[in-house]
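Subject: Handing over the structure, with notes

Dear colleague,

Here is the structure I promised to pass on to you, with the sequence beside it.

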Amino acid sequence: ICLVHNVARWGYGNLVETFRALGGRCYGGGEAPDGLITHRKAMELLSSAQCMVHLKVGDTVGYAVVEAMASAVPFVCTQHYINETRLHDLLEPGKTCEVFDPFSPTKASLDLQAILRHFADPVVNARYGEAARDRLRKVMWNPHNKEHLDGWEDFLARNFR
């Protein structure tokens, strides 16, 4: 699953088509090829997705990253995105996410094919998803602060149960 918006303006349309050709689904706003979905539907789709792919080369930190990690869905993005958002503490290629090369549609397609095959293995998928969720909890919620833990439990209950 991929959540997209402003495809034409942000210039990552060629990656949308590349990902869709591999069987991926792209939901979001106006020009999203698989339609507009509500936040609740996005969370439902994320909870049953093989992975969340962030196609944009650069962006600000969005809820999709946190939602995917909290739902233990493996996250896929570019190294450029990690560097630009400074999410090095959360997104560690080979542990909490995988990365692809977005600058060539051919290379992106090959990278994404390999990543999707990798995440098709339920053991690998669970390992990445759980590592991402654990890293998110460690970085964003202080386990020694009851309010943080209550907030984490509330977030999970409202979105994933």
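What follows is an account of what was found, going from the overall layout to single residues.

Please keep in mind throughout that this is a predicted model. The protein has eight helices and five strands, and along the sequence these elements follow the pattern β-α-α-β-α-β-α-β-α-β-α-α-α. Of its 161 residues, 45% count as buried. Among the contacts with a separation of 6 or more, 52% are accounted for by residues 24 or more positions apart.

Strands of a sheet pair through backbone hydrogen bonds, either parallel or antiparallel. Here three strands form an open sheet in the order E3-E4-E5, and the pairing is parallel. Its edge strands are E3 (52-53) and E5, each of which pairs on one side only. Between E4 and E5 the parallel pairing runs over three bridges, and Cys77 stands opposite Val99 in E5. Helix H6 (residues 105-120) packs on this sheet, where it touches E3, E4 and E5, and its direction makes about 160° with that of E5.

An α-helix has 3.6 residues a turn, so residues three or four places apart point the same way. In helix H2 (residues 13-21), the buried residues are Leu15, Val16, Thr18 and Phe19. Because they cover an arc of only 165° around the axis, they lie on the same side of H2. Just after H2 comes Gly23, which takes a positive phi of about 100°.

In helix H3 (residues 39-48), Ala42, Met43, Leu45 and Leu46 are buried. Seen down the axis of H3, its buried residues fall within an arc of 165°, and they therefore line one face of the helix. The exposed residues Arg40 and Ser48 are carried on the face of H3 that is turned away from this buried side. Glu44, which also belongs to H3, is partly exposed, with a relative accessible area of 45%. Although Glu44 and Ser71 are 27 residues apart along the chain, their C-alpha atoms are separated by 9.8 Å.

A further helix contact is that of H4 with helix H7 (residues 122-140), which pack at an angle of about 115° with their axes 7 Å apart. From H4 the contact involves Val66, Met69 and Ala70, while H7 supplies Gly129, Ala132, Arg133, Leu136 and Met140.

How many aromatic pairs does the count come to? The count comes to one aromatic pair. The ring centres of Phe119 and Tyr128 are 4.9 Å apart and their planes stand at 80°, so the pair is edge-to-face, since planes over 60 degrees apart are classed in that way. Phe119 and Tyr128 are both buried.

Most residues other than glycine have a negative phi, and most peptide bonds are trans. Ala72, however, has a phi near 60°, a positive value in a residue other than glycine, and its place is in the loop between helix H4 (63-70) and strand E4 (75-77). Arg86 likewise has a positive phi near 60°, and is found in the loop between helix H5 (79-85) and strand E5 (97-99). With a relative accessibility of 67%, Arg86 counts as exposed.

Lastly, there is Val57, which is found in the loop between E3 and H4. Val57 and Tyr12 are 45 residues apart in sequence, and in space their C-alpha atoms are 7.8 Å apart.

Notes. Residues numbered from 1 in each chain as written. Predicted model: local features only at pLDDT ≥ 70, side-chain atom pairs only at ≥ 80, totals over all residues. Heavy atoms only, no water. Phe/Tyr/Trp six-rings, centres within 6.5 Å; stacked < 30°, edge-to-face > 60°. Buried < 20%, exposed > 50% of the residue type's maximum accessible area, 1.4 Å probe, protein only. Helix = DSSP H or I, 4+ residues; strand = E, 2+ residues; numbered from the N terminus. Arc of directions from axis to C-beta. Pairing = 2+ DSSP bridges. Contact = heavy atoms within 4.5 Å. Axes fitted to C-alpha atoms, helices over the stretch in contact; angles between N-to-C directions.
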